Amino acid sequence: MQAMTIDGQAVTAERAFDVVDPALGAVTAQAPDCTPEQLDRAVTAAARAQREWRTDEEARRKAMLAFADAIVAASGELTATLSRETGKPLPVAGAEPGICAAWLQYYAGLQIPRELLQDDDKARIELAQRPLGVVAAITPWNFPLGLAMWKIAPALLAGNTVVLKPSPFTPLASLLLGEVGQSVLPPGVLNVVTGGDQLGADLVAHPVPRKVTFTGSVAGGKSVAVSAAADLKRVTLELGGNDAAILLPDADLATAVPVLLGTAFFNTGQACALPKRIFAPGERYGDVVEAFAAAAAAITVGPPSDPAAQLGPLSTRPQFERVKGLAEDAVRRGARVAAGGHPGPGPGFFFEPTILADIADSAPVVAEEQFGPVLPILRYATVDEAVERANDTTFGLCGSAWGADVDRATAVAERLECGTTFVNTHADLLPTVPFGGSKWSGLGHENGTAGLLAFTEPQVVHVKKAGS
């Protein structure tokens, strides 16, 4: 059993919980179940380390670059561990250590803004950014390493220390990340603890952390917000989406469909910023459905051990049951299954790449975030109608418009009520670009300078000039 990282040390626990390999549908590992006393040790260590960590910006940058190098050196083990616990094909799993290194390198080179507000014979006034203190980072099961580093890298540059709590479905790669960090980061700067939902609630409610950054469900985010509000903790919440992609009448299907389908089913559809509803013009609806169905039928599904596999299993049994239930419900409501529609073979949590046609917006597979390889194609009569229906959701993360006339497609994309709009692409996420949503998709931003400032607090430095 792997160990937690607390105050720079490997720490085991008296109890453990099971970890299931989704490609096998069976328990293949265990992870330590952190006790309340161990959590308190982790938070206390982070607070103690932060007093020194915040004082030397150059040392922070060097340590972050060393952390990036250590992750690259351990990328093979990180990839294999991640693949086993999530079911990701190795090429997909292998991207996450690279994301971790890239985000650390980007933030290690980013300047912390300091704005000069006034400098005259009366005073020099600057707006500085100070660290918040200890950061509680709670991460989901779909991208355990990548999304953890979206939080860790800017938090560390800003001068904070971190207590990371990964999903109990996928704790193993995060534990290994903590081990990698032990050799290059000062003790207490990055602590990794594992356990169930109660551990996350205890971390949020703990009086020491001053910032909570959470990626997960809407229900989980609301719970975090309520708990954090009692102590006026700062929060960043990334809570998912139900992204719409609008194919305009002049869209080139030969180009758009493969890109859209590959993006929608990336990581077996388990990502927040993927297209989850495709709007197609009525006059081209049959061609659009046929093109998506043909592309979906050509996808190879299999376990990570199969080098030909393009799609792995869903990562958890609850998610498999949810996707299966949504697809079955759609059929009961009269949807036409143009491709797939059934669980895949084997004992694992596999589901066929599925295209649904002739389905109403009110069906749960359309109205909710399905988070799996099931994609509804929706018919529209006018572009105005498509935009209105795309915006008729409690989510507002991303959206896209696709067309040969880029100016027109851009005008349509800008009418979408979401944090990021794309034109002729989707989910193209970069460390330099802020990422966040509107409505129930969350609060605050990650990535870019905005993501860095989310881990700081403004401080006015007002220096009176002599003789003024």
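How do the residues of the lining of the second largest pocket divide into nonpolar, polar and charged? They divide into 15 nonpolar, four polar and three charged, where Ala, Val, Leu, Ile, Met, Phe, Trp, Tyr, Cys and Pro count as nonpolar, Asp, Glu, Lys and Arg as charged, and the others, Gly among them, as polar.

Before selecting anything, note that this is a predicted model, in which local features need pLDDT of at least 70 and side-chain atom pairs count only at pLDDT 80 or more, while totals for chains, interfaces and linings use all residues. Residues are numbered from 1 along each chain as its sequence is written, and side-chain values use heavy atoms, with hydrogens and water left out.

**Pockets**

Stay with the second largest pocket, which has a volume of about 420 Å³, and select I99, F143, W150, F266 and L429, the closest to its centre of the 22 residues that line it. On a 1 Å grid over the protein atoms alone, a pocket is an open set of points with protein on both sides within 12 Å along at least five of seven lines, whereas a cavity is a set where a 1.4 Å probe fits but cannot get out; lining residues have an atom within 4 Å of a point. Grid points are joined across faces, edges and corners, and a volume is the space filled by probe spheres set on the points. Next, colour α4 (90-108) and α5 (144-157), each of which supplies at least two residues of this lining; the largest share, five residues, comes from α4. Helices (H or I, at least four residues) and strands (E, at least two) are DSSP runs, numbered from the N terminus.

Now move to the largest pocket, with a volume of about 960 Å³, and select W141, F214, G216, S217 and G220, the closest to its centre among 38 lining residues. At least two lining residues come from each of α7 (197-205), β10 (211-215), α8 (218-229) and α11 (317-332), and α8 gives the most, with six. This lining comprises 18 nonpolar, 14 polar and six charged residues.

**Cores**

Select F67, I71, Y107, M149, I152, V162 and V193, which touch the most other members of the 85-residue largest nonpolar core; α5 contributes the largest share of this core, 10 residues. Such a core is a set of buried Ala, Val, Leu, Ile, Met, Phe, Trp, Tyr and Cys residues joined through side-chain atoms within 4.5 Å, buried meaning under 20% relative accessible area (1.4 Å probe, protein chains only). Centre on Y107: leaving aside neighbours within four places in sequence, its contacts (heavy atoms within 4.5 Å) include R61, M64, A153, P154 and L157. A second, separate core of 31 residues includes L314, A330, V387 and L416.

**Cavities**

Four cavities of 30 Å³ or more are counted. For the largest, which holds about 90 Å³ of space, select R277, A390, C398, E417 and C418, the nearest to its centre of 16 lining residues. Its lining takes two or more residues from each of β12 (243-247), α13 (383-391) and β17 (398-402). The second largest cavity, of about 50 Å³, has a lining that includes T86, K88, P89 and V92.

**Helix α3**

Finish at T86, one of the buried residues of α3, together with L78, T79, T81, L82, S83 and E85. The elements covering them include β3 (16-21), α2 (57-73), α4, α5 and α6 (172-182). Just after α3, G87 takes a positive phi of about 80 degrees.

Methods:
Buried < 20%, exposed > 50% of the residue type's maximum accessible area, 1.4 Å probe, protein only.
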